[in-house]
Amino acid sequence: MDVIATYALRLGDDSLILGQRLSEWCGHAPALEVDLSLANIALDQVGQATHFLNLAGELEGKGRDGDALAFRRDVMDFTNCLLVEQPNGDFAQTIARQFLFSHYQALLFEQMAAVKDTRFAAIAAKAAKEVAYHATLASDWVIRLGDGTDESKARMVAGLAWVWRFADELFAMDAADAAAIEAGAGVDKSALRGAWDSRVDAVLAEATLARPAPHRATTGGRIGRHSEHLGHLLSEMQFLQRAYPGATW
Amino acid sequence: MSDPSKEWPLWEVFVRGKGGLSHRHAGSVHAVDAKMALEHARDTYTRRMEGVSLWVLPSAQIVASDPGDAGPLFEPAEDKVYRHPTFYKIPDGITHI
Amino acid sequence: MYTTDMSGNKKAEVVAEDPEELAAFEARVANDEFIEPKDWMPEAYRKTLVRQMSQHAHSEIVGMLPEGNWISRAPNLRRKAILLAKVQDEGGHGLYLYAAAETLGTSRDEMTEALLSGKAKYSTIFNYPTLTWADIGAIGWLVDGAAIMNQVPLQRTSYGPYARAMVRICKEESFHQRQGYEIMMHLAVGTPEQKRMAQDALNRWWWPSLMMFGPPDEKSPNTAQSMRWRIKRDTNDELRQKFVDITVPQAEAIGLTVPDDKLKWNEERGAYDFGEVDWEEFAAVVRGEGPVAKERLQARQKAWDDGAWVREAARVHAEKRANAKVAAE
C-alpha cells in the first residue's frame with residue numbers, strides 16, 4: 001500500500017475500531033438517553049470508517065473496498081491507534097477514552113478540512129462537526145463524573161489512568177504522516193498537541209481532576225503492533241466474513 | 001424502591017423544524033440539568049434531520065390550563081365571528097382587500 | 001416494536017366512577033376525541049393505559065437485546081450502521097413511550113423496577129434467541145412487520161400522548177421492516193448455507209411472531225373495553241389473520257417456506273387458513289419461561305445496576321452546581 005493509502009487506512013481504522021467498541025454499549029448504557037448518545041457517536045464513527053476505508057481501497061487500487069479492508073485483514077495489518085481498541089471497561093473508562101480521542105479527532109479534522117486533497121478535506125469537513133459534538137459530550141461527562149460522587153471520581157481517575165499511556169501515540173509522526181503532508185492530504189499531528197493539552201487540561205480542572213501521572217508511551221498500533229484486545233475484537237467483528245468466504249450480505 | 005427525588009427530572013423538548021418555523025413540542029427527556037437536557041434532546045429528537053434549533057424546559061415549570069375551565073376559557077371566543085375575514089361580504093369585483 | 005397483549009384472562013377490576021363523568025368520557029372517546037393527561041378519565045382506563053404503554057416501552061428496551069446481539073458481528077459496514085441505527089431507534093421508542101406513560105403519573109424508574117422485578121411484562125417475542133445473522137432479517141421482516149400492523153392503528157388511539165408517540169414511532173420504523181426483508185432477500189439468493197440460514201430463521205420466528213398478536217379473541221376478555229376506549233383498534237385475531245395474509249406471499253416471493261403444513265389459501269374467505277398457535281408455549285413465555293427470558297432480564301438488571309453510580313453522580317453534580325450558583329448569587 002502506498003503511503004497516502006496507508007494514511008487513509010489509519011484514519012479509517014481508528015474510526016472503525018472505536019465505532020465497534022462503542023456499539024458494544026448499545027442496550028446496556030446507564031440511562032436510556034445515554035444509550036442513544038453513545039449509539040450516535042458510534043454511528044458517526046462507523047460512517048467515518050466507511051468513507052476513509054473506501055478511500056484507502058481506492059487509493060490502493062487493488063479492488064479492495066472498505067468492507068474488504070474492515071473484515072478481511074488480520075491484526076498485524078490493522079493500523080488504528082491503541083487507544084481506540086481498549087476495552088470499554090466501566091462507563092468512566094469509556095468516557096475517558098472518548099474524551100482523549102475526540103479532542104484529538106476534533107483538532108485533526110479541523111485542520112484536515114483545509115488540506116489540498118479534496119477527498120480527505122471533504123470527509124474531514126463533515127467529520128469535524130461530528131467529533132466536535134463528541135468532544136463536548138465526553139468533556140461534559142468527565143466533568144460530571146469527576147465532580148460528582150466519591151465513587152464516580154475514583155472511577156474517572158481509574159479510567160483516565162488506564163487510557164493515558166495511549167495519548168502520545170495520537171500525535172506521533174512517521175514517514176506516512178510526512179508523505180501525507182507533502183501530498184497535501186495530511187496534518188502535522190505533532191503540532192496539535194499543545195492545543196489538545198490545553199483543552200484537556202481545562203476540562204480536567206473543571207472536573208476537579210488532576211492530570212494523570214506521566215507514563216511511558218505505549219505505542220505500536222500504526223505499524224500493526226497491538227494490544228491483545230484487538231484480536232478478540234476482530235474475531236467477533238469479522239466472524240461472518242471469515243465463516244462464509246465469498247458470500248455477500 | 002425507586003426514590004423520586006433521585007430520578008433525573010423530566011424536561012420537555014421543542015424542536016424548530018427549519019428556519020422560519022416556530023418551535024414545536026417533540027417529546028421529553030430525562031436530564032440532570034439544562035446542558036444535559038439539550039444534549040439528550042439532540043441525541044433523541046434530531047437524529048433524522050428533524051431540527052435546526054432546540055428548546056428544553058423542565059416539565060415541572062409548565063403551567064397548564066385546567067381542562068375543567070375549558071368552557072369559560074375557550075367557548076366565549078366561539079361567537080366572535082366578526083374577528084374572521086370571511087365574516088365580511090365584499091362584492092366579487094373588489095380586489096386587494 | 002410491539003408489545004404482546006398480555007391482558008390474558010385477568011379481567012380488569014371495576015371501580016365505581018361518577019356515572020355522569022363516565023358517560024361524558026365515553027361519549028368523547030366514542031366521538032374519536034383525544035384524551036389528554038389532565039382530563040378526567042376512569043381509573044380503569046388510566047391503569048390499562050399505564051400497563052399497555054409501559055409494556056410497550058419495556059418491549060422496545062428488551063427488544064434492543066436480541067438484535068443488539070448481532071451489532072458487533074454485522075457482516076459489513078452498511079449492515080452494521082443500519083442495525084445500530086435500528087436498535088438505537090428501539091431505545092428511542094422506549095423513551096417516547098415511557099415519557100407518554102409518565103404523563104399519567106408513573107415515573108420511568110417505577111416502570112423500570114416493575115420490569116426488573118418481573119411484575120411488568122414485555123413482548124414474548126424477545127425471549128427467543130438470535131442464533132444467526134438471518135435472525136436479524138427475520139426479526140425486521142416478521143417481528144417489525146407484526147409490530148407495524150398493530151402500531152399503525154394506535155396512531156389514532158384515544159390517549160393523546162400515546163397517539164403522538166405512536167405517530168413518531170411509526171414514521172421512524174418505516175425502514176425497519178424493509179431492512180429486515182432486504183436481509184432475507186439477500187440470503188435467499190445467496191449461497192446454500194445462506195439459504196439454509198434464512199429458512200431456519202423463518203422456521204424459528206414464524207410462530208412466535210403470530211403469538212405477538214396476543215391470545216385468541218375468545219380468551220381476551222378486555223378486548224371489548226379496550227376497543228371501546230380506542231386503546232386498541234382491532235382484535236388480536238383480526239390482526240393475526242391480516243399478518244398471515246400479507247406475509248405468506250412475501251415468503252413465497254423469495255422462495256422461503258412458511259413452517260405450517262395447515263397453511264392453505266381459502267378462496268371463499270379470501271384469506272389463508274393456518275394452523276393453531278401453540279398457546280401452551282405462549283402462556284409459558286408470558287409466565288417468564290421463554291428460552292432466554294432469564295438472560296434478557298439479567299442483562300437489563302446488569303445495565304441498571306452498573307449504571308446506578310453514573311446516574312447518581314450526574315444528579316449529585318447538578319445539585320452541587322445548582323447550590324454553588326445559589327451561593328454565588
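A residue counts as buried under 20% relative accessible area, exposed over 50%, and partly exposed in between. Keep that scale in mind for this predicted model. Lys35(B), at 43% relative accessibility, is therefore partly exposed.

**Salt bridges**

- Side chains of opposite charge can pair when their charged atoms come close.
- Over all chains, the whole structure holds 48 salt bridges.
- One of them joins Lys35(B) to Asp140(A), with the closest N and O atoms 2.5 Å apart. This pair crosses between chains, from helix α1 of chain B to helix α6 of chain A. Asp140(A) has a relative accessible area of 9%, so Asp140(A) is buried.
- Asp237(C) pairs with Arg240(C), and their closest N and O atoms are 2.7 Å apart. Both lie in helix α10 of chain C, three residues apart, about one turn of the helix. Asp237(C) is partly exposed at 27%, whereas Arg240(C) is buried at 3%.
- Glu319(C) bridges to Arg315(C) at 3.0 Å between the closest N and O atoms. Glu319(C) and Arg315(C) are about one helical turn apart because four residues separate them in helix α12 of chain C.
- In chain A, shared partners link Asp168(A), Arg193(A), Asp197(A), Asp201(A) and Arg211(A) into one network of salt bridges.

**The largest pocket**

- The largest pocket contains about 1,400 Å³ of space. Its lining has 38 residues, and those closest to the centre are Glu12(B), His25(B), Ala26(B), Gly27(B) and Arg164(C).
- Helix α7(C) gives the most to this lining, with seven residues.
- By class, the lining has 16 nonpolar, eight polar and 14 charged residues.

How values were computed: Residues are numbered from 1 along each chain as its sequence is written. Chains are lettered from A and ligands numbered from 1 in the order in which they are written. This is a predicted model: local features need pLDDT of at least 70, side-chain atom pairs count only at pLDDT 80 or more; totals for chains, interfaces and linings use all residues. Side-chain values use heavy atoms; hydrogens and water are left out. On a 1 Å grid over the protein atoms alone, a cavity is a set of points where a 1.4 Å probe fits but cannot get out, and a pocket is an open set with protein on both sides within 12 Å along at least five of seven lines; lining residues have an atom within 4 Å of a point. Grid points are joined across faces, edges and corners, and a volume is the space filled by probe spheres set on the points. Helices (H or I, at least four residues) and strands (E, at least two) are DSSP runs, numbered from the N terminus. Ala, Val, Leu, Ile, Met, Phe, Trp, Tyr, Cys and Pro count as nonpolar, Asp, Glu, Lys and Arg as charged, and the others, Gly among them, as polar. A salt bridge is a side-chain nitrogen of Lys or Arg within 4 Å of a carboxyl oxygen of Asp or Glu. Buried means under 20% relative accessible area, exposed over 50%, partly exposed in between (1.4 Å probe, protein chains only).
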